[in-house]
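Student: I would like to learn how to read a model like this one. Could we go through it feature by feature?
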Amino acid sequence: MINALRTETFEINMGPQHPSTHGVFRMVLTLDGETVVDVVPKMGYLHRGIEKLAEENTYVQGVTFTDRMDYLSPMTGNFPFVLAVEKLAGIEVPLRAQYLRIIAAELQRIASHLASIGFLGNDLGTWYSPLMYTLREREIILDLFEMLCGARMTPTYMRPGGVSQDLPEGFKDRCLLFFEKNMPRIMGEVPALLTDNEIVQMRLKNVGVLPAEKAIACSVSGPSLRGSGVKFDIRKAVPYNAYDQFEFDIPTGTKGDNFDRFVVRYEEIKQSMRIVRQALANLPAGPIMAPGITRNLRAPAGSEAFARTEASRGELSVYMASDGGVAPYRCKLRSPSFINLTALREMLLGSRVADVVVTLGTLDIVLGEVDR
Amino acid sequence: MEQAIQVVRDALRFLNDVGAIIYLWVQQTLLGFVRGFLPDYWAGSLVWLIMQVIGIVCVIALLGIFAILFIYFERRGVARVQDRWGPNRAGPWGLIQGIADTVKLITKEDVIPVRADQWVFRLAPIVAMVPAVMVFAVIPFGYAKIGAGTDALNMPFILADLNIGILYGVAVGSLTTVAILMAGWGSNNKYSLLGGLRSGAMMISYEIPLALALVSVGLLAGSLSTVDIVKAQPFIKPFGIDLFGGYILLQPLGFILFMMAAVVELNRSPGDFAAAEAELVAGYHTEYSGMRFAAIYVAEYFNAFFVCCMATTLFLGGWRGPEILPSYAWVLVKAVLLFWCLVWLLGTLPRPRIDQMLGFAWKVMIPLALLNLFGTALGVSLWQAWVVK
Amino acid sequence: MSVDSLAEAINQAVRGAVVAKSTGNMPSVTIGAGRLVAVCNHLKSQMGFNYLSSITGVDYYDRFEVIYHLHAVPGSEQVCVKVVVNHDDPVVPSVFNVWQGADLQEREVYDLMGIRFSGHPNLTRILMWDEFEGHPLRKDFGMGNQAAWEQMPHMPQLET
């Protein structure tokens, strides 16, 4: 009798303006009641033509674009760009600069994951409470960045050849104090209030499942890939910039549901703290910038470079080709958020409207990165 | 010392009864005046009507003040849960914030979508507001005993002591479902429709445990009238003073079921599926602006106040309490305490998915409510058989 | 894996596929466009390169290059495969059926560079709006100082 009832699906636009699409992202959902039958993601609302702009600005100017790409994690955005320039031009970065870069990148990873966990609480409907708690610690990290290079959101800290400023007095103590005094609080609060909360588990477990083979086939990277059980981290697989001198683990999930991705991010915060502690303890002395870097840095004509890094959201890689000029001939930014969206449809088919928002939240996209 | 205590007690007693004394004085004066030109029956009825209108105006004024205060209280409370301050700029401690928001909402442009169903869209806020105010007819806000001895006048501060009090409360309270469905449909917006329909389904499902919890209380008290229920509640009485008690002692499960169902009925987090911001932007009230939105928004707080007062009346002993506070203060203190629990829930818990909540209602809460009812009925009949006999 | 061994392995599997090799910062193997899908299938199934890291399109004035970066996950092997097509009507066979991750990336290359991928199930614009004309990342794309914006459909009631 129920099957004889004629029903229709309807299309709803989870439009570019929406409190929970983490930016100007549009999904055309075809719904059968509450169940999602089809998802068509439409992006490009924040397309600023960064790749084209990079062709018209010098190598050093180009670093500023990467700040604005993934605006929640700018330090890790700078990283592959400067690595690509250095590969292209054959620049050797001093070891101290490499360690400082790692400190900045890992602190940024902690900040980005804190924001991601907080905003996931928002998507779950807690009306900003976990967000207020995680942003509290993130503010301190942003203060550390301000101490380091003068800016919270657009640091442009990493430059081709090294970093822009040296570690200021008191940074190390302030950072270690932060790890001792402030981080244990939020690391205890997140399990107590979110991970062990029965409602959160009910909402996140077995929702948005992405099996490991599908994740690899869809070129998913980062915590989303590791949440599916694939133990792949570019910092370990293709080590760059002295990461092979550090000891850290790669947390992975098992089932590839939202809960696993969420827990992987939480665990990665702990690993990042480990790395920063090691870096601060073993920081070598020396210059912070390679000698002979000018504003008009040029690379040999016809050279190419592909620099891969593990950013907060996945594999952020930069392909650069040079024609001998002061600007790159081609600069391609392979952003993790854009490519992780390939798997969105797989994860969402058959789930409910409420799960769409939560799955998008655990996939952790940043529209600046998606659209560039 | 004895005299000092007696003076204080008399002062408190006076505070409690002053409203009743003024009421009676006005009533008698009017009666004397009206009897001059109307026969007795009509005089009595006219004076009754006038006194009821005065009472309604007083209750609506009280509601208005309390809604504004509750909105302020919630914003402050949720902010403190979230480790921040909340509004503290407008006026001392931010108390004028409610008035500032009201002024802002009144002066906003009234935007009505061109393709919205005009009558349904415009009537929805009214349909939300009217039942929210009507239900307060059966809440006893206090109690006064004028005089002493056998001809003492027992005056509960209630607009209408119906002998079907809680039935009236639940029936009229469930009319807000209609308002939400109207708002969802009339907005010509798929999100609003989705929110309205979800809310309709939720509210219908959660009416049942709500009503069953109330029926259990009615069984215990032997009456559906709110005044009788308050009077019949068991209290711990050292030295003859009501200290602590209420049906929460006999019906803890009923209280929990009532509060949980009420959270969903009120469309408050964690049961706010109608307006789940994360998914539906603002659900059924997306298209409303200005005073229409204010009406829906404030009606939600009227409902919250009603539910808190109802739970106070039925489970926490209503106006009863030690004499250090007047009876009406006790009602408000207990209602605010319950509202604080609701605010606490809002700030802390995430929202389950709607199908999980519906499943919970039908598979867990209704069986528990039925068990509660059955146990209560069993207990009452055994009590009557063994003890009263 | 060195470029020479990679080129030899590919040539053994798909005869005559390798057109050129290049060493340096980014060692790569250039494949003829017609053999691309066969080579990719071999790379994925026989040599374990199951992860498509990135597809890049580059506009050299006389030719287009499409660069595929592959990785064997989990592991450390990474290779780079290039395809060169002519500038006037660039068509490259799509590798969507080999790696589903090529879906959005090929659409982006099509949108911004104008290289068509034959066999892609949904080759539409992704970053620019659907009615946009031109391919912005091409070297000959110039809009000067004009801004372009997407015309939004309006409701007829608002027109009157």
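Student: What do strand 3 of chain C and strand 4 of chain C form, and how many residues are between them?

Tutor: Strands of a sheet pair through backbone hydrogen bonds, either parallel or antiparallel. Two strands count as paired if DSSP finds at least two bridges between them. Here strand 3 and strand 4 of chain C form a hairpin, with two residues between them. Strand 3 covers residues 51–60, strand 4 covers residues 63–71, and the two pair in the antiparallel sense over nine bridges. Within this pair, C:Asp59 stands opposite C:Phe64 of strand 4 of chain C. Helices (H or I, at least four residues) and strands (E, at least two) are DSSP runs, numbered from the N terminus.

Student: Before we go on, how should I treat numbering and confidence?

Tutor: Residues are numbered from 1 along each chain as its sequence is written, while chains are lettered from A and ligands numbered from 1 in the order in which they are written. This is a predicted model: local features need pLDDT of at least 70, side-chain atom pairs count only at pLDDT 80 or more, and totals for chains, interfaces and linings use all residues. The model scores ipTM 0.88 and pTM 0.89.

Student: Is strand 3 of chain C mostly covered or mostly open, and how many of its residues are buried?

Tutor: A residue is buried if 20 or more other C-beta atoms, placed from the backbone, lie within 10 Å of its own, exposed if 12 or fewer, and partly exposed in between. Strand 3 of chain C is mostly covered, with nine of its 10 residues buried. Of the 160 residues of chain C, 42% count as buried. Chain C has four helices and seven strands, in the order α-β-β-α-β-β-β-β-α-β-α from the N terminus on.

Student: At what angle do helix 2 and helix 3 of chain B pack?

Tutor: Two packed helices are described by the angle between their axes and the distance between the axes. Axes are lines fitted to C-alpha atoms, for helices over the stretch in contact, and angles run from 0 to 180 degrees between N-to-C directions. Helix 2 (residues 40–81) and helix 3 (residues 97–106) of chain B pack at about 110°, with their axes 9 Å apart. The two helices are therefore roughly perpendicular; angles under 35 degrees count as roughly parallel, over 145 as roughly antiparallel, 65 to 115 as roughly perpendicular and the rest as oblique. The contact is made by B:Ile68, B:Ile71 and B:Tyr72 of helix 2 of chain B and B:Gln97, B:Gly98 and B:Ile99 of helix 3 of chain B, where contact requires C-beta atoms, placed from the backbone, within 7 Å.

Technical notes: Contact = placed C-beta atoms within 7 Å.
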